[in-house]
Amino acid sequence: MKTITTTEELAAFCAEAAQTPYVTVDTEFLRERTYYSKLCLIQLAYPGEGDENAVLVDPLVDGLSLEPLLELFRDTSVVKVFHAARQDLEIFFIDHGVIPDPLFDTQVAAMVCGFGEQVGYETLVKRIAKATLDKSSRFTDWSRRPLTDAQKKYALADVTHLRVIYEYLAAELAKSGRARWVAEELGVLTDPETYVTRPEDAWQRVKTRSSSPRFLAIVQALAAFREEYAQSRNIPRNRVFKDDALSELASTKPANMEDLGRSRLLLREARKGAIADGILAAVKAGQECPKEQLPKPDISRDQLQVNPALADLLRVLLKARTEESGVAARLIAPAADLDAIAAGMRDLKALTGWRHEVFGEDALRLCEGKLALGVKGRDVKVIEI
């Protein structure tokens, strides 16, 4: 098991990989104690068998530049293959401003090829590569050195079996004509906006019981302060204060340190110093937010007039299309989208792109009374009217 520790070694490997059709990539990182992921190990492999043409790259070694790898990521003649790529891509984008191109995500491809929803790597290794993984090193501190042989073996397996999985799925997509379906799904992963976290938008991730615009203005200010504080100090946002404490603060509206001290849910460290000052300033800003700038909750779906009978028929249609296509139902259309269609909404993902071909077109025709559903044996049949 070769571990690369110099820029020269990495450049040599990447030069070899650049002559091949694809390279498989995985990373090991830590994020429990930081806001941004700390990259601890990179695994790479290009076509071969076993550990052949596979290496580990140690980014924690002083003096090692990842520029040869970034250059490979920019090389559009080589497909970069990941499994469940989002967190890996976020690291490379945040740290280096690079998103590999072209990209192939075997988790997305597997869902399109009928392996179920968010299928795990271990499952694909068993079903496609006909191998098993030693997961004893799954929960390990990848920042500690030296790495054990068990850690190295575990890490390398994440890219060696991935070669077999990629080649199988790519062939299946070519046969089924669904490669563009995967390309559509990868649009989100390759969009830089996916990895940009704006403090002013952080409030939208906080679940609250109240939809009062003034209450939400305080939530917005508190969430923005927490995000900025966590980013600037590279600590998890929950180390500043948790969501339940944020909601409590938005309700109690502390005006001074004495008020802050009465909080039931606020961490001790947040009752003093810069965090306490930031909380009080955020609450004040939320209370003083001009009326025309108050955040407005999205209540459009809450006010939908859903036709329950039509929603049930859409569920039956979706089940039929799922069984026919082999694609997971939630990937085609989540339950909320079915209710939205039954209520008359049309600006939905389930009605666009490849989903329109598989389900959306017939869903709309069902809503318009142009299709009926019948049953023959155990099969649902679509009937033209």
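Tutor: S37 sits in the loop that joins β2 (22-30) to β3 (38-45), where helices (H or I, at least four residues) and strands (E, at least two) are DSSP runs numbered from the N terminus. This is a predicted model, in which local features need pLDDT of at least 70 and side-chain atom pairs count only at pLDDT 80 or more, while totals for chains, interfaces and linings use all residues. Residues are numbered from 1 along each chain as its sequence is written, and side-chain values use heavy atoms, with hydrogens and water left out.

With a relative accessible area of 13%, S37 is buried; that word stands for under 20% relative accessible area, exposed for over 50%, and partly exposed for what lies in between (1.4 Å probe, protein chains only). Leaving aside residues up to four places away in sequence, S37 touches F29, L30, R31 and I91, a contact being heavy atoms within 4.5 Å.

Now to the helix. α13 runs over residues 308-325, and its 18 residues reach 25 Å from first C-alpha to last, close to the expected 26 Å, a span worked out as 1.5 Å times one less than the number of residues.

Among the buried residues of α13 are L310, L314, L317 and R321. The buried residues of this helix pack against α14 (329-332), α15 (335-342), α16 (353-367), β7 (371-376) and β8 (379-384).

The side chains of D339 and R315 form a salt bridge at 3.2 Å, N to O, the term requiring a side-chain nitrogen of Lys or Arg within 4 Å of a carboxyl oxygen of Asp or Glu. D339 belongs to helix α15 and R315 to helix α13, so this pair ties together parts that are 24 residues apart in sequence. D339 is partly exposed at 25% relative accessible area, and R315 also counts as partly exposed, at 31%.
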